[in-house]
Amino acid sequence: MLLRHVARPMLASWFIYDGVQAALKPAEHVRAARRGASLVGQQLGVEEPLSEKQVSALVRVHGAATAVAGLFLAVGKAPRTAALTLAALSVPLAVVNQPFTPSDVPRDVRTRKFVGNLGAIGAALIAGADYEGRPGVRWRVDRARKDLDLAKNAKHQVDAAKHKVESATDKATHAVTASARTATRRARRAASSAASTATETVKGAVSR
């Protein structure tokens with residue numbers, strides 16, 4: 001669909017630009033990153049702060065990962081995975097810019113960035129949920145269940161038909177066997193009767 005080829009690069013452009021800027025100019029993001037690292041450290045009970053070099057390295061790595069994932073989304077290379085990766089990478093930014101805790105940064109500035117981060121996460125999640133018209137996981141699971149049920153029903157029908165055939169075969173075998181036994185007994189009786197008649201005839205002829 002043409003819209004995807006246009007919309008994906010447009011969405012990815014913001015992530016690529018922001019990621020490249022963070023990777024090349026980490027100093028502009030270090031203060032916010034340090035604030036986020038301190039907040040996470042407090043929640044985890046880690047009191048030892050990260051050094052300036054460590055925070056700068058984290059900013060560079062995060063920026064490079066964001067730029068690469070954005071580039072993948074723009075060119076349509078594993079777009080769903082790239083979009084979900086971008087959504088995950090945007091979560092720390094939303095945490096850093098959240099306006100609910102005291103900070104030296106004005107609250108309205110943090111609020112604006114926070115809302116922008118939430119919008120980026122939502123857009124990336126929508127892009128990550130785009131199956132491009134292909135069936136989703138839920139549909140595939142339901143279809144697999146239906147196919148399994150159909151296979152089980154077909155197996156039951158085959159087993160029932162096989163049982164009927166075996167039962168009919170057994171009945172036919174018994175009928176043939178019974179008929180053969182009856183015919184044998186009749187033949188023996190007829191032979192015995194014929195032999196008796198012949199014997200009596202011979203005896204009558206001899207007595208004359």
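The loop between α3 and α4 is where I start, and the residue to look at there is Ala 78. Helices here are DSSP runs of H or I with at least four residues, strands are runs of E with at least two, and both are numbered from the N terminus. The phi of Ala 78 is near 50°, a positive value in a residue other than glycine. The labels are buried for under 20% relative accessible area, exposed for over 50%, and partly exposed in between, with a 1.4 Å probe and protein chains only.

Before going on, a word on the source. This is a predicted model, in which local features need pLDDT of at least 70 and side-chain atom pairs count only at pLDDT 80 or more, while totals for chains, interfaces and linings use all residues. Residues are numbered from 1 along each chain as its sequence is written, and side-chain values use heavy atoms, with hydrogens and water left out.

Now the chain as a whole. It has 6 helices and 0 strands. Of its 208 residues, 21% are buried. Contact means heavy atoms within 4.5 Å. Among contacts between residues at least 6 apart in sequence, 68% join residues at least 24 apart.

Buried residues in α3 include Val 55, Val 59, Thr 66, Ala 69, Gly 70 and Leu 73. After α3 comes Gly 76, with a positive phi near 80°.

Which residues touch the most other members of the largest nonpolar core? They are Phe 15, Leu 73, Leu 86 and Ala 124, out of 14 residues. At least two core residues come from each of α1 (2–24), α3 (52–75), α4 (79–97) and α5 (107–128). By nonpolar core I mean a set of buried Ala, Val, Leu, Ile, Met, Phe, Trp, Tyr and Cys residues joined through side-chain atoms within 4.5 Å.

Leaving out residues up to four places away in sequence, Leu 86 touches Phe 15, Thr 66, Ala 69, Gly 70, Leu 73 and Ala 124. Ser 90 is in helix α4 and is buried, at 3% relative accessible area. With the sequence limit of four places applied, Ser 90 touches Phe 15 and Ile 121.

Next, the rings. How many aromatic pairs does a search of the whole structure find? There are 2. The ring centres of Trp 14 and Phe 15 are 5.1 Å apart and the planes are at 85°, so this pair is edge-to-face. Rings of Phe, Tyr and Trp (its six-membered ring) pair if their centres lie within 6.5 Å; planes under 30 degrees apart are stacked, over 60 edge-to-face, and the rest tilted. Phe 15 is buried, at 1%, while Trp 14 is partly exposed, at 39%.

Phe 100 and Phe 114 make an edge-to-face pair, 5.6 Å centre to centre with 85° between the planes. Phe 100 is in the loop between α4 and α5 and Phe 114 in helix α5, so the pair ties together parts 14 residues apart in sequence. Phe 100 is exposed, at 61%, and Phe 114 is buried, at 16%.

Last, Arg 80 lies over the face of Tyr 131, at 4.2 Å from the ring centre. The rule for a charge over a ring is NZ of Lys or CZ of Arg within 6 Å of the ring centre and within 35 degrees of the ring normal.
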